[in-house]
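Colleague: I'm new to this one. Can you walk me through it?
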Amino acid sequence: MKIDYFWKGILFLLMSFVIIAGIAFPIVAQPSTWYEFPLIPGLEEKAKIIFFHVPTAWIAVIAFLMAMVYGIQYLRKGDLDNDAKSLAALQIGMMFTILATITGSVWAKFTWGAFWHWDPRETSIFILLLIYGSLFALRSAVENEDKRAKLSAVYSIISFLTVPFFIFIMPRIMTGLHPGSANDDTSGPVVNFKMNGNMQLIFYLSLTAFTILYYWMWSMTYKSIIIKDKLSKKYI
Amino acid sequence: MNGLFEFFEQNSIYIVLAITLIIWTGIFLFLLSTDKRLKEIEKEIKEMEQ
């Protein structure tokens, strides 16, 4: 109980700090104090999206990874509890993929000029949305619990194989508009592109805060799925 | 007081910051209460099962 309040308190403070730093810290040409961010040509003030948009995509990856891990555990043990965990991760992963797409699209309007460009990054996340969207269609089409869990587990394993390629590899080896693509002169891993130490630190703090938030949301979703399962078995 | 008002009028990003912080606090409190409620329901179901 106590440890419960501890990490929730940490989450509140961490996220509040990330919001304060991410929104209010000024971007200047020559950062001289710890609370100033460097100016990145072409991005300017809009570079601050990295503190909120990238973590949503990051959570999507973690969630899909966890969906695969629990899918494997279901296949090994046949315990429907693992299927509930996998489903909770899938639902949150899907939500955050959509959030990453929408936030990126709003940002693109003001950085690249239109909401959608079929940039490699946009194309790859669109394909991911299709892949995981069809997983939910598959789940809703199967009535038998064990069959549904088995199909969903196998599908989540196969579809996660494409995630590293679509999120981390393809948008970097192809030329495109998104920061970190192959023709970006600030290239290299996206994280390192012309951020100074403070900006990177706050970026990592943001990833941490969002990961804790994800864990909380995941455990709540999982609990509610279990409760719903138990009640429907009891009264029907 | 007037000076403070003028400062916020010229640096409206801090207003955005305040609003975002208030929204985050609201979402956080909502999550806390929903989590608590879920725990209570879990407990009740456990009692019903026994």
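Predicted model: local features only at pLDDT ≥ 70, side-chain atom pairs only at ≥ 80, totals over all residues.

Colleague: What does chain A average in pLDDT?
Modeller: The mean is 89, and 94% of the residues score at least 70; pLDDT is the predictor's confidence in each residue, from 0 to 100.

Colleague: Where is confidence lowest in chain A?
Modeller: In strand β2 (residues 37-38) of chain A, with a mean of 84, whereas helix α2 (residues 53-77) of chain A is highest at 96.

Colleague: How many helices and strands are in chain A?
Modeller: Chain A has 6 helices and 2 strands, in the order α-β-β-α-α-α-α-α. Helices (H or I, at least four residues) and strands (E, at least two) are DSSP runs, numbered from the N terminus.

Colleague: Where does α5(A) bend?
Modeller: At A:Phe166, by about 40°. That bend is the angle between axes fitted to the seven residues ending there and the seven starting there.

Colleague: Which residues of α5(A) are buried?
Modeller: Among them are A:Ala149, A:Tyr155, A:Phe160 and A:Pro171. Buried means 20 or more other C-beta atoms within 10 Å of the residue's own, with C-beta atoms placed from the backbone.

Colleague: And what do the buried residues of α5(A) pack against?
Modeller: They pack against α2, α3 (80-111) and α4 (120-141) of chain A, where a contact puts two C-beta atoms, placed from the backbone, within 7 Å.

Note on methods
Residues numbered from 1 in each chain as written. Chains lettered and ligands numbered in written order. Buried ≥ 20, exposed ≤ 12 C-beta atoms within 10 Å, placed from the backbone.
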